[in-house]
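New notebook page, new structure. I'll jot down what I look up, one topic at a time.

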Amino acid sequence: MIEVLVAATVAVGIALGLTVFFLMTLRVGKDVDAQAAVQRQGGAIADELGRQLRLVDGSPKVEDPASPPDTPVCLPLTATPSPASTTNDPILVIPNAAGPVTCYYRDTSTPPQLRRCTRPTPSTADDCAPAANLFSGSLAPLFAPAWTVNVVTPCGALDGTCGGTPTVCSIAGESCAVIPGASIVFTVSAGTNLSETFGVAIVANRH
């Protein structure tokens, strides 16, 4: 009888050990997949932003919902507010003199997502739509904890300062005009300890 109890105890211990090992393996596998999704999706978004900035027809702009410009281009994001159009963060405006304007922003509803929409012409009240989710198609649920965007000048890109009248750069030969270029930093996360920050900086050095 004692031998049977000992054997049963050992069998239960082995079964519990295998179960714990199996569950840990599944968890590690999911974490690896999630981290791969973060890197894949973040890299794809950075590539898209870089490609759009290289093709920009005009100078990119930034619109701040807290202090919108007198003549906004992307704001308001939609005529009928929805979770897909809610943002408190700066919006990257990529103009196109021959057609639609592209707007990139962080949807600050829950969970925060990175989105892109297109306004047919900036002077109309047409919706900026569709509000495409840049995380769509990811192998794991992703969200964006942070997003910052700033337009840059060739002078600022080299850590120079602009001043005087007319405005000149402290670095000889560099321009203080906003040339097609911007600096974007965003974070993609799949949960605790599964996040990564990506950056894109494009400046066309024209004088």
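**Pairing, before anything else.** I count two strands as paired if DSSP finds at least two bridges between them. With that in hand, I looked at E4 and E5: two bridges join them, and they run antiparallel. Arg116 is the residue that stands opposite Ala132 in E5. A reminder to myself: this is a predicted model.

**Overview.** I went through the protein chain and found two helices and ten strands. Along the sequence the pattern reads α-β-β-β-β-β-β-α-β-β-β-β. Of the 207 residues, 35% are buried. I also checked contacts between residues at least 6 apart in sequence: 57% of these join residues at least 24 apart. The accessible surface is about 11,700 Å², and carbon and sulfur atoms account for 61% of that.

**The open sheet.** In what order do the five strands of the open sheet come? I read E1-E2-E3-E4-E5, with antiparallel pairing. Strand E1 (61-63) and strand E5 (132-133) are at the edges with a single partner strand each, so one side of each has no neighbour in the sheet. Then I took the pairs in turn. E2 and strand E3 (residues 101-107) are antiparallel over three bridges, and Val93 has Cys103 in E3 as its bridge partner. E3 and E4 pair over seven bridges, again in the antiparallel sense. These two strands form a hairpin, with five residues between them, and Asp107 stands opposite Gln113 in E4. Is strand E4 (residues 113-119) mostly covered or mostly open? Mostly covered, I noted, since five of its seven residues are buried.

**The cores.** Next I looked for nonpolar side chains packed together. The largest nonpolar core has 27 residues, and those with the most contacts inside it are Leu49, Leu92, Leu114, Trp147, Ile184 and Phe186. At least two core residues come from each of helix H1 (2-54), strand E2 (91-94), strand E6 (143-151), strand E9 (181-189) and strand E10 (195-203). H1 gives the largest share, seven residues. There is also a second, separate core of eleven residues, with Leu75, Leu77, Val93 and Cys117 among them.

**Trp147.** I wanted to know what this residue touches. Leaving out residues up to four places away in sequence, its contacts include Leu49, Leu92, Leu114, Ile184 and Phe186, which are also listed with Trp147 as having the most contacts inside the largest core. Tyr104, Tyr105 and Arg106 are among its other contacts. Trp147 has a relative accessible area of 6%, so I marked it as buried.

**Aromatic rings.** How many aromatic pairs turn up in a search of the whole structure? Two. In one, the ring centres of Trp147 and Phe186 are 6.4 Å apart and the planes are at 40°, so I call the pair tilted. Trp147 lies in strand E6 and Phe186 in strand E9, so this pair ties together parts 39 residues apart in sequence. Phe186 is at 0% relative accessibility and counts as buried. In the other pair, Phe186 and Phe198 have ring centres 5.6 Å apart and planes at 20°, so that pair is stacked. Phe198 is in strand E10, twelve residues from Phe186, and both are buried.

Note on methods: Residues numbered from 1 in each chain as written. Predicted model: local features only at pLDDT ≥ 70, side-chain atom pairs only at ≥ 80, totals over all residues. Heavy atoms only, no water. Core = buried A, V, L, I, M, F, W, Y, C linked by side-chain atoms within 4.5 Å. Buried < 20%, exposed > 50% of the residue type's maximum accessible area, 1.4 Å probe, protein only. Helix = DSSP H or I, 4+ residues; strand = E, 2+ residues; numbered from the N terminus. Contact = heavy atoms within 4.5 Å. Areas by Shrake-Rupley, 256 points an atom, 1.4 Å probe, with all protein chains shown as cover. Phe/Tyr/Trp six-rings, centres within 6.5 Å; stacked < 30°, edge-to-face > 60°.
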